[in-house]
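Here is a briefing on one protein structure. Topics are grouped for quick reading.

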Amino acid sequence: MAPVQTVLGPVEPDALGKVLVHEHVRIAYPGDHLDPAGHPPRDECVAVAVERMHQVAEHGVKTFVDPCPIDLGRDPELLAEVAEASGMNIVCATGFYHEEIGIPWYWRVRSAEEVAELYLHEIQHGIGNTGIRPGVIKIATADPVGDHDRKVLAGAAMAAAESGLPVITHCENSVGGDVQQDALAAAGVDLARCLIGHQDHATDSGQHVEIAQRGSFVGIDRIGLEILTPEATRVDHIRHLVDAGYGDWVCLSQDHMCCLASPKFPYPIPEGMEEVFEQIEPVAREQMYGRAHSYLFTDFLPRLAEAGVDGAVVDAMLTDNPRRLLAGV
Ligand SMILES: [Zn+2]
């Protein structure tokens with residue numbers, strides 16, 4: 001049994017407990033540190049994160065995967081501090097974000113091989129000089145999947161094939177999972193160690209069955225983000241996958257932050273929508289980072305039960321399935 005690499009070192013697969021496969025301690029958007037308004041204090045973020053870890057631990061969560069990409073303010077030392085103070089297993093990632101927001105210039109002019117070399121260096125020697133090693137490879141693609149995305153994706157696939165580390169992906173608007181699976185398969189990556197993520201917004205549940213049929217996990221991993229998709233849609237997607245016989249290939253998470261570093265809202269407000277947004281903004285902030293990470297247990301799981309999804313199958317989505325993803329057993 002291969003141990004899982006956490007920010008405090010390797011952990012045996014049977015110690016993972018319930019796993020939240022896609023959450024965040026802190027996200028910072030590129031350039032937000034230049035805003036004269038400044039970042040919220042680091043100590044405050046640690047305190048919030050430690051409290052959040054205690055809250056999910058009460059529901060049996062022992063592992064919190066934070067696939068924050070390199071270019072969204074990834075801070076492995078912050079994660080180590082939170083892990084030490086809370087006792088939570090925290091897993092961090094190597095890998096760039098998608099080209100609409102991420103992939104810094106220098107890496108746009110590098111080859112896929114050079115991207116793989118960077119990821120493998122972090123995996124083998126640690127991130128920068130922190131000595132902290134990533135336990136997953138993050139892949140993100142835009143909608144539509146762009147040329148820089150494809151190159152970085154190819155590099156990530158090489159690094160995954162070489163290292164054997166699991167892969168967690170971001171599909172903007174739930175699009176591009178097929179492109180990701182193609183690239184991973186072409187590089188010889190075991191698709192059973194890949195989570196094709198952010199599938200919540202798919203309009204057709206058939207795309208989920210296709211992902212699972214090819215042998216990867218389907219991430220319904222933006223639970224609670226009703227500003228993007230209503231919860232009822234997520235419930236339908238999950239029930240559809242379970243009814244089709246793919247309950248073993250679903251992972252649940254929330255993509256919810258403990259803190260947002262950006263002092264102002266980090267996404268553009270469409271012209272003419274300013275007034276509407278003013279009303280939505282508090283709701284958006286609550287759903288992005290405001291409420292406890294235990295929301296999944298207190299508010300969403302009861303909806304799955306009401307919809308008739310078997311509790312044992314749901315339990316596997318939070319234990320056995322993510323353990324197979326992370327540890328391969
Ligand atoms: Zn995320």
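H198 is buried, with a relative accessible area of 1%. Here buried means under 20% relative accessible area, exposed over 50%, and partly exposed in between (1.4 Å probe, protein chains only). H198 sits in the loop between strand 9 (194-196) and helix 7 (206-213). Helices (H or I, at least four residues) and strands (E, at least two) are DSSP runs, numbered from the N terminus. The model is predicted: local features need pLDDT of at least 70, side-chain atom pairs count only at pLDDT 80 or more, and totals for chains, interfaces and linings use all residues. Residues are numbered from 1 along each chain as its sequence is written, and side-chain values use heavy atoms, with hydrogens and water left out.

**Zinc site**
- The zinc ion has the protein donors H22 (NE2), H24 (NE2) and D255 (OD), at 2.1 to 2.2 Å.
- Donors are N, O and S atoms within 2.8 Å of the metal (3.2 Å for Na, K and Ca); water is not among the atoms, so sites may look incomplete.
- Along the chain, the donor spacing reads H-x1-H-x230-D.
- H24 lies in strand 4 (residues 24-27) and D255 in the loop between strand 11 (250-252) and strand 12 (257-260), so this pair ties together parts 231 residues apart in sequence.
- H24 and D255 are both buried.

**Salt bridges**
- The whole structure holds twelve salt bridges.
- A salt bridge is a side-chain nitrogen of Lys or Arg within 4 Å of a carboxyl oxygen of Asp or Glu.
- D182 and R214 pair at 3.0 Å, N to O.
- That pair links distant parts of the chain, with D182 in helix 6 (residues 177-186) and R214 in the loop between helix 7 and strand 10 (217-220), 32 residues apart.
- D182 is partly exposed at 43% relative accessibility, and R214 is partly exposed at 37%.
- E114 bridges to R110, with the closest N and O atoms 3.1 Å apart.
- E114 is partly exposed at 30%, whereas R110 is buried at 19%.

**Helix 9**
- R285 forms a salt bridge with E281, the closest N and O atoms being 2.9 Å apart.
- Both residues lie in helix 9, four residues apart, about one turn of the helix.
- R285 counts as buried at 17% relative accessibility, while E281 counts as partly exposed at 23%.
- E274 lies in helix 9 (residues 274-290) and is partly exposed, with a relative accessible area of 45%.
- V276 also lies in helix 9 and is partly exposed at 36%.
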